[in-house]
Amino acid sequence: MRSLTSQLIGLMLVALLLSQVLFYLINNSERDRSLRTVRQDELLARANAVARLVGVTEEAVHPEVLRAAGTALSRYWLSPGPPADALTWEKTARDELLRALPSAQPENAREVVPNSRVSEAELPISNQSSWTDIPPKGRQNEARLLELEQWNGIGYATVVRPGLWLNAVFAKPELIASPIRYYISLAVTALLLSLLAVLAARRVGRPLQRLTESAERIGRGEDVPAVPEEGADDIRRTAIAFNQMQSRLRRFVEDRTRMIADISHDLRTPVTLLRLQAEFVSDPDTKEKMISTLDEMQAMTEATLAFAKEEASSEPSRIVDMNSMLESVCADLSELGWDVGFMEGERVPWHFRPESLRRAIRNVIENAVRYGERARVRLERAGNSLNVIVDDDGPGIPEADFEKVFAPFVRLENSRNPATGGVGLGLAITRTIMRSHGGDVVLSNRPEGGLRVLLSFPEI
């Protein structure tokens, strides 16, 4: 449930469920009230009609009239007076309902046939019911009404004539099931809302996905085209802001790289002039020191210029087998007489700029051999990330200097001899390249001795 589509579908389905539950409760309440009103009106009308019929017929035909008026769920019987109390009347009404109508009994039956529509368990006796007097209207006689909620029914008693009351009961204990159309409608509504949620999420999520992919590619240093500025106003403004940010970042990096390249290029001329002037110094020791210093300055200038030119170049990213590339770099250095070992692993296709990354890895391996006698290289996968590990057997680096060595032109080797320590740009260049790929460089001292350099690459 973490994607936008699933969350929208979930929210819509929850809203649909809540609205349907609320609708169901209100609808059931209104339906039950309407059905009770209809049943009550129908029972009262039928009972009053039966009472009038009993009042105008002879006593001998009264049983036939009552049997003819009864149904599977309603019964009629006569009593000499009004119902005494609800509890006694309910027991009598239940006995009447539990017996089948005479028309449903076989001839010459010795036992009373029970009513197949209701059972004794469905007609519990309750002490909570009470009679309600119905005020006479027009020609209507005195009457009383009894709500039988547990039976889902109604009780009724009315005067036929002095000394004779008609009793009527209706009960339908089974619950009225919701029609299948209700559940079909609920399923169809849920399906339509899910489809609408998918379409809405795709309309919103597609531009966001493009923004995410572009941001990840920018983090890896790739040249990314502007994202389309389309969609809803909020999404479109986000795309516009993203494109502006990308343009500003590109101009900032280009201006910085161009400035470094210009400075490095312009330093060539004064360094060359100083070298020519140093040739005319008569003191040999002073001359040698000056030329050595100027050579170091020139090496630093050339290295800075080379780095700036490489930064200015826009090498395209592509998928390359990282294992094969590491094996190639180690093999090239081994042919030069360097003590480099590579632990071959599985093929790992990864998306990066191969020439730039080759230079970063080569810098780390050369440092390992130069300061740690030998380098051992291996490739590891850790979850969704990829790690290149380079170990050496040197003295290691104090933890306080872990961050210091990444500063440009910083060397922990004090001889300042380019032949032994370079100009101090190797690790700075490596970190720049790694971070341009969205990764980083981490240093640590091995417990058994030596330095470990971890080049980590994020998830593709």
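This is a predicted model: local features need pLDDT of at least 70, side-chain atom pairs count only at pLDDT 80 or more; totals for chains, interfaces and linings use all residues.
Reader: How do you know on which side of helix α2 the buried residues lie?

Author: Helix α2, residues 62–69, has His 62, Val 65, Leu 66 and Ala 69 buried. These residues span an arc of only 95° around the axis, which places them on the same side of α2.

Reader: What makes the contact of Arg 67 and Glu 64 a salt bridge?

Author: A salt bridge needs a side-chain nitrogen of Lys or Arg within 4 Å of a carboxyl oxygen of Asp or Glu. The N to O distance for Arg 67 and Glu 64 is 2.0 Å, so the pair meets this condition. Arg 67 and Glu 64 are three residues apart in helix α2, separated by about one helical turn. In an α-helix there are 3.6 residues a turn, so residues three or four places apart point the same way. Both side chains are partly exposed, Arg 67 at 33% and Glu 64 at 47%.

Reader: How do you know that Asp 133 and Arg 144 form a salt bridge, and what does the pair tie together?

Author: The closest N and O atoms of Asp 133 and Arg 144 are 3.4 Å apart, and the limit is 4 Å. Asp 133 lies in strand β2 (residues 131–134) and Arg 144 in strand β3, so the pair ties together parts that are 11 residues apart in sequence. Asp 133 has a relative accessible area of 55% and is therefore exposed. The structure holds 18 salt bridges.

Reader: Why is strand β5 described as mostly covered?

Author: In strand β5, residues 164–170, seven of the seven residues are buried, and buried means under 20% relative accessible area. Leu 164, Leu 166, Ala 168 and Phe 170 point one way, while Trp 165, Asn 167 and Val 169 point the other way, and all are buried.

Reader: What makes β1 and β4 partners of β5?

Author: Two strands pair if at least two bridges are found between them. Strand β1, residues 74–79, is joined to β5 by six bridges in the antiparallel sense, with Trp 77 bridged to Asn 167. Strands β4 and β5 also run antiparallel and share seven bridges; Arg 161 has Leu 164 as its bridge partner. The hairpin of β4 and β5 has two residues between the strands, and Gly 163 in the turn has a positive phi of about 90°.

Reader: Why are β7 and β11 said to stand at the edges of their sheet?

Author: The open sheet has five strands in the order β7-β9-β10-β12-β11, with mixed pairing. Strands β7 (340–343) and β11 (440–445) each have a single partner strand, so one side of each is left without a neighbour in the sheet. Neighbouring strands of this sheet are turned by 20° against each other on average, direction ignored. Within the sheet, β9 (residues 375–382) and β10 (residues 385–392) run antiparallel and are joined by eight bridges. One of the bridge partners in β10 is Val 390, which faces Val 377.

Reader: What makes the phi values of Asn 152 and Glu 373 worth a remark?

Author: Most residues other than glycine have a negative phi. Asn 152 has a positive phi of about 55° although it is not a glycine, and Glu 373 has a positive phi of about 75°, likewise without being a glycine. Asn 152 lies in the loop between β3 (143–148) and β4 (153–161), and Glu 373 in the loop between α8 (354–372) and β9. Asn 152 is partly exposed at 22%, whereas Glu 373 counts as exposed at 54%.

Note on methods. Residues are numbered from 1 along each chain as its sequence is written. Side-chain values use heavy atoms; hydrogens and water are left out. Buried means under 20% relative accessible area, exposed over 50%, partly exposed in between (1.4 Å probe, protein chains only). Helices (H or I, at least four residues) and strands (E, at least two) are DSSP runs, numbered from the N terminus. The arc is that of the directions from the helix axis to the C-beta atoms. Axes are lines fitted to C-alpha atoms, for helices over the stretch in contact, and angles run from 0 to 180 degrees between N-to-C directions.
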